[in-house]
Amino acid sequence: MGASLPPKEANLFKLIVKSYETKQYKKGLKAADAILKKFPDHGETLSMKGLTLNCLDRKSEAYELVRMGLKHDLKSHVCWHVYGLLYRSDREYREAIKCYRNALKRDPDNIEILRDLSLLQAQMRDLTGFVETRQQLLTLKPNHRMNWIGFAVSHHLNSNALKAVEILEAYEGTLEDDHPPDNERCEHGEMLLYKVSLLEESTSMERALEELHKKESKIVDKLDYKEQEVSLLVKLGRLEEGAELYRVLLSMNPDNYRYYQGLQKCLGLYAENSQYSPDEIERLDDLYKSLRQKYSWSSAVKRIPLDFLQGEKFREAADNYMRPLLTKGVPSLFSDLSPLYEHPGKADILEQIILALEYSVRVTGAYPGRVEKEPPSTLLWALFLLAQHYDRRGQYDMALSKIDEAMEHTPTVIDLYSAKSRFLKHAGDLAAAAALADEARCMDLADRYINSECVKRMLQADQVPLAEKTAVLFTKDGDQHNNLHDMQCMWYELASGESYFRQGDLGRALKKFLGVEKHYADITEDQFDFHSYCLRKMTLRAYVEMLKFQDRLHSHAYFHKAAAGAIRCYLKLYDSPIKSTFEEDDDMSKLLPSQKKKLRQKQRKAEARAKKEAEGKNEESNVTGVSKSGKRPVKPVDPDPHGEKLLQVEDPMSEATKYLKLLQKNSPESLETHLLSFEVNMRKQKILLAFQGLKQLVRLNAEHPDSHRSLIKFFHKVDLMPAPTTDTETLIWSVLGSERPLISQLQGNSLLEANMNFLKNHQDSLMHRAAVAEVLYLLEPGRKSEAIALIEDSNNNMVPNTNEALGPVREWKLKDCVTVDKLLKTYLVDDAAASRWKKRCAEYFPYSTYFEGSRSSAVPGSAYNQNVSANHADHEHNAGSIAVNGNMEAFKDLNIQS
């Protein structure tokens, strides 16, 4: 390194390297310039200067210098290594690996290059290459612990756990007296637990347990030791020992639900579906009674029995569980009880208990059967719980009535306002929900959660500017909107993107959805630093779990929403293309095709030139903006804040396909994935790929309205296609001809008959009838009135409720009714039918602003309309900014009732 230079310049070259490592970039540039004055063609110096400039964000100069250095010294491993580092900084990992391999051809035993190569191989999951590189590192430096561990981990990741165990045992043999230094005891204990987990993974349970017991004294983390031991005992079928050990763990942490679940498994009293025989329920009841005597302070030991108890025993246990929590005033009580609503019959019992408690506290001031008076707040929390219960059952009138009563009782409790906002959202009044959420926010301006909930309600009501102003109250100064992106605030970007999509602003919607996609790319990149860190710190089990998590990262719900949202934007953009600036220009239309082409090329060159100049300015500002403290300069302004350039994509379907492939790989069990696949490929005229998506829809849920709609649409289009003329078309027809009889819905039926059969099977479902109507109109446009009648003849039946004192709940969902309304307006295009439908739904959903229900804020003079108007007036009064002091008028002349 710098060997071809005289001693003075060689020392300067070492200074460049040291300056780069210590981030003293200006000092490094000064030394590089000093060498280049005498030796302007010295390749390694040119490369190091380029690498230093890269750290100052002067990328174009950096690449130019590094390539020049490589040109002057093609056989230098330093030049190739620097070129690889440059590619690595730009996340071009495959190119970086090529450069590292070229460097190793010149210097095969360079530890630094091998280490960098191994990190990239782990990042790219080149596991075979990772094993080879780690083995070479271990051969070169066998006295380095990290090399042993890295070699073992590489074999583990390459699905060879037993080989990894052999390597770890060989490493233990290198330790004096088989014992690590005192300052490495924690790391050594973690390595031993990792080795045991490897044996467990390779199904060597007996050996794993024996190894665990043998090394007990060397393992510092005793809790992990016990959890690993009990896991092995259960897998070996030694359930009695496992049960004893779970009891020991419960004595350490009696609120850990996993320990209770493990104890039940050991006693043979665990079922995944929570379905138990009467005898098992009796035994479980006895078990938890004994545990309750031992751990009376534990909430878990009181809550878990509610999952398996039935009838009167459940009533008694639930009553006893709720009373102290209502007295204490625990706002999360309903969230705790919420899973019980999935158990048949338990929701009705809970309703009866809550009503009895509320009535007794209201009338007597005490719980049923007790003389001691409860504090006044108990009635408040009983009303709060009852309101949430009614909301869960879809009885919004009663939920709002109870929450209003609670607010009248104590108007200073923020949870009540947040809950009422949530109820109004469920009922369909999004504007009023946003106003209530903002009122809750103003009651505690320092609470980030309430602020975030308010922002979410505003976005759901499509009040995006207001939501942005509210959200940035908790961001740093400066470019506040970009701060939300920098903080990877994905829920905000998704909600904002959905709102823009609903409003038809595809540019901004795409900007938000693709922003979320970028976050996932950043999360993938973030693992890079851990490849060396975790091996050094010996957090091996967490490291392997992190790698497994990264491998399934794109199956996360947020990524699915973002990718699906982006695909929907591209579909809409394809169906309704946005005219470019050239197409909008009248003068452009008068030009000849050759002149248009020249003009387009000219504009592209001008844009490229402007972009290059902007990058140059950014680089200059970054260089001058780096302070002595080494802090980075302010990021350049986003050149496309409204996503206008994203709309100028030439082929929306090719862009959509990028994200579709990710969904198909990571969310193959999602109906939406294959529905989007069908829609994209139908537009691309990729018939077999569309059919592939259709088959997946039928496999997942053949009775779903979307599956039926797609099935009939597809074969209707196929039937309209002209006879095949090429070999490819003939092959496609033969494939479809052989597959069609295998689809049960179409066997021996025409498309019209299949549609009517589908209707017979789903007479009472609104969405199924809507799908049948849509397909009927597609097949026979002359039967439009019959299609509309299919929808209008749907009955919104009552869901029976066992408690006759409560109003019944109807089957139709607001979201489904909105979908049907849009179908009538945009597809069937019948304003009269849409008007009748709107009037009918307004009766079923009186709080819905979409249908202008009688109690919604959309109706002038309603209570919620006044609330929303006051809220908007307040924001306008504050000159377009969010008030930092809430409107506290509601708290004048408070009268707290007992």
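Is V248 buried, partly exposed or exposed, and what is its relative accessible area? In this predicted model, local features need pLDDT of at least 70 and side-chain atom pairs count only at pLDDT 80 or more, whereas totals for chains, interfaces and linings use all residues. Residues are numbered from 1 along each chain as its sequence is written, and side-chain values use heavy atoms, with hydrogens and water left out.

V248 is partly exposed, at a relative accessible area of 36% (buried, under 20%; exposed, over 50%; partly exposed, in between; 1.4 Å probe, protein chains only). The residue lies in helix α14, residues 239-252 (helices are DSSP runs of H or I, at least four residues, numbered from the N terminus). Together with L223 and M252, V248 forms a nonpolar surface patch with about 230 Å² of accessible area. Such patches comprise residues with over 30% relative accessible area and no salt bridge, nonpolar side chains being joined within 5 Å; a salt bridge places a side-chain nitrogen of Lys or Arg within 4 Å of a carboxyl oxygen of Asp or Glu. Accessible areas come from the Shrake-Rupley method with a 1.4 Å probe.

In helix α12 (residues 205-214), M205, A208, L209, E211 and L212 are buried. Viewed down the axis of α12, these buried residues fall within an arc of 160°, so they line one face of the helix; the arc is that of the directions from the helix axis to the C-beta atoms. The buried residues pack against α10 (161-173), α11 (185-201) and α13 (222-235), with contact defined as heavy atoms within 4.5 Å. E206, E210 and K214 are exposed on the other side of α12.

Definitions and conventions: Helix = DSSP H or I, 4+ residues; strand = E, 2+ residues; numbered from the N terminus. Patch = residues over 30% accessible without salt bridge, like charges linked within 9 Å, V, L, I, M, F, W, Y side chains within 5 Å.
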